[in-house]
Amino acid sequence: MIRSAFLTLYARQQATMTKKGLDDMISFHDITKQFADQSTAVENFNLTINKGEFFVLIGPSGCGKTTTLKMINRLIEPTSGRITIEDKNITEWNRQELRWNIGYVLQQIALFPTMTIAENIAVVPEMRKWKKAAVEERVDELLNMVGLDPDTYRNRRPSELSGGQQQRIGVIRALAGNPDIILMDEPFSALDPISREQLQKDIRQLQADIKKTIVFVTHDIDEAMAIGDRICLMKDGGIVQVGTREELVNEPADDFVKNFIGDRRDPWDTRVKEVMNPNSHLLASTQDISDYPLYPAPLYIFKDDRTYVGRQAEEGIVSNDPAIHPEDTLKHALKSFDNTELEALPVLTGSRIEGVLSYKDIVQFMKKSQLEQEGELV
Ligand SMILES: Nc1ncnc2c1ncn2[C@@H]1O[C@H](COP(=O)(O)OP(=O)(O)O)[C@@H](O)[C@H]1O
Ligand SMILES: [Mg+2]
């Protein structure tokens, strides 16, 4: 009895916590940053980054990415507005504790040259006064995590590592104190393309394993697309659009977004409504039907204002053909053709027929997309 009352209470509490946004990790509320010379780096910035999210800030040089990032760990103080971490204003945190709880990776590889790799990684755990054995264990664990053998690397100096390896150390050093949040400011942009791609994969894998909240700044759209759960595109100190890569690609907010990300649409992700034929010759009203020869079928018939009646076939009117929805993707629509011999299917919204989609429409659309893409390559 007590147990069940407790469980009910617990469930209720969970429900309200979720409603209040238990997943919010970092929130910007009306943040503006003006520097002393009166230049406005960030203006009226509102954004929520979720717990465990791989969040990317992207935009042209000077749009305010670094300023935004540095306000999270209070390297820069906003002029107005407030930033909360787990619903607590960051000004209420002890600054030291805030920095320990937020790992920070810079573009320039910033390892201490005279210290060993192990000493470099151990900086924050040492400051937090971890026991020696715990520090050593942590160093080895982190080196293993990024595929560097501890026995080989722990006593080397930074100059004895390649650029890619050094930046790998930069990343795990930021993780060493087990922070909840990791900020990364163009961490891979000084690396050669191969190390860069490898590190992108590593960091994605690492994040999947450790589930930290990562805020990652880049000006490279390919990098953003490769690693971000969500991407925030900035311009002139403001947000242009926030969304998943699919949302940015398929529903760009404006031409700036479109131009910034380039045309990356997979033609198979195009919506049926853009490809179907709303005035197909296979479509007829009950009023016109006497004008059509009975065969060849199919003929899709509607009455009144496009209320779907069915397909005229030898055996009479068939009204249970697989139907396609105008918002379906072509990829999805193609599956509807699998169990039928038909070369065209009705596109319906409820009982309304919006058009007809035929194999021929799909093939012509694909041909056009391919020609457009080839044109872009020239
Ligand atoms: N310390 C500063 N003093 C004055 N202006 C600055 C300072 N830091 C950055 N800015 C200006 O603020 C704007 C945003 O800079 P920043 O956040 O570094 O952009 P990003 O990282 O996107 O390249 C730029 O116009 C930059 O010149
Ligand atoms: Mg910057």
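In which helix is the place of Ala-118? Ala-118 belongs to helix H4, which covers residues 117-121; helices here are DSSP runs of H or I with at least four residues, strands are DSSP runs of E with at least two, and both are numbered from the N terminus. Ala-118 is buried, its relative accessible area being 17%, where buried means under 20% relative accessible area, exposed means over 50%, and partly exposed lies in between (1.4 Å probe, protein chains only). Between Ala-118 and Asp-140 there are 22 residues of separation in sequence, and the distance from C-alpha to C-alpha is 8.3 Å.

The model is predicted, so local features need pLDDT of at least 70 and side-chain atom pairs count only at pLDDT 80 or more, whereas totals for chains, interfaces and linings use all residues. Residues are numbered from 1 along each chain as its sequence is written, chains are lettered from A and ligands numbered from 1 in the order in which they are written, and side-chain values use heavy atoms, with hydrogens and water left out.

The chain contains 14 helices and 16 strands. Its radius of gyration is 28 Å, well over the 21 Å given by the globule rule for 378 residues, so the chain is more spread out than a compact globule. The radius is taken over C-alpha atoms, and the rule is 2.2 Å times the number of residues to the power 0.38. Along the principal axes, the C-alpha trace spans about 90 × 70 × 50 Å. Of the 378 residues, 45% count as buried.

Two domains divide the chain: domain 1 at 22-264 and domain 2 at 272-366, with bounds that come from an automatic or database domain assignment. Their C-alpha centres are 51 Å apart. An unreviewed UniProt entry lists "domain: ABC transporter" at residues 26-261. Over residues 26-261 the chain is 39% helix and 25% strand, and the end C-alpha atoms are separated by 26 Å. The feature "domain: CBS" is placed by UniProt, again in an unreviewed entry, at residues 317-372. Over residues 317-372 the content is 38% helix and 27% strand, with the end C-alpha atoms 40 Å apart. UniProt positions are given in the numbering used here, feature names are shortened, and annotations may be inferred rather than shown by experiment.

Strand E3, residues 54-58, is mostly covered, with five of its five residues buried. Phe-54, Val-56 and Ile-58 point one way from E3, while Phe-55 and Leu-57 point the other way. E3 pairs in the parallel sense with strand E8 (residues 213-218) over five bridges, two strands being paired if DSSP finds at least two bridges between them. In this pairing Ile-58 stands opposite Thr-218 of E8. E3 also runs parallel to strand E9 (residues 230-235), to which four bridges join it. There, Phe-55 stands opposite Arg-230.

A further sheet is open, has four strands in the order E2-E1-E4-E5, and shows antiparallel pairing. Its edge strands are E2 (40-50) and E5 (88-89), each of which pairs on one side only. Strand E4 (residues 80-85) is joined to E5 by two bridges in the antiparallel sense, and Thr-84 stands opposite Asn-89 in E5.

Aromatic contacts were also counted. Rings of Phe, Tyr and Trp (its six-membered ring) pair if their centres lie within 6.5 Å; planes under 30 degrees apart count as stacked, over 60 as edge-to-face and the rest as tilted. By this rule there are six aromatic pairs. Phe-54, Phe-188 and Phe-216 are linked into a cluster by ring pairs. A charge sits over a ring if NZ of Lys or CZ of Arg is within 6 Å of the ring centre and within 35 degrees of the ring normal. The charged end of Lys-88 sits over the ring of Trp-93, at 4.9 Å from its centre, and Arg-306 lies over the face of Phe-302, 5.6 Å from the ring centre.

Positive phi angles occur at Lys-129, with about 60 degrees, and at Asp-236, with about 50 degrees. Lys-129 is not a glycine; Lys-129 lies in the loop between helix H5 (123-127) and helix H6 (132-145) and counts as exposed at 72% relative accessibility. Asp-236, likewise not a glycine, is found in the loop between E9 and strand E10 (238-243). Asp-236 counts as exposed, with 66% relative accessibility.
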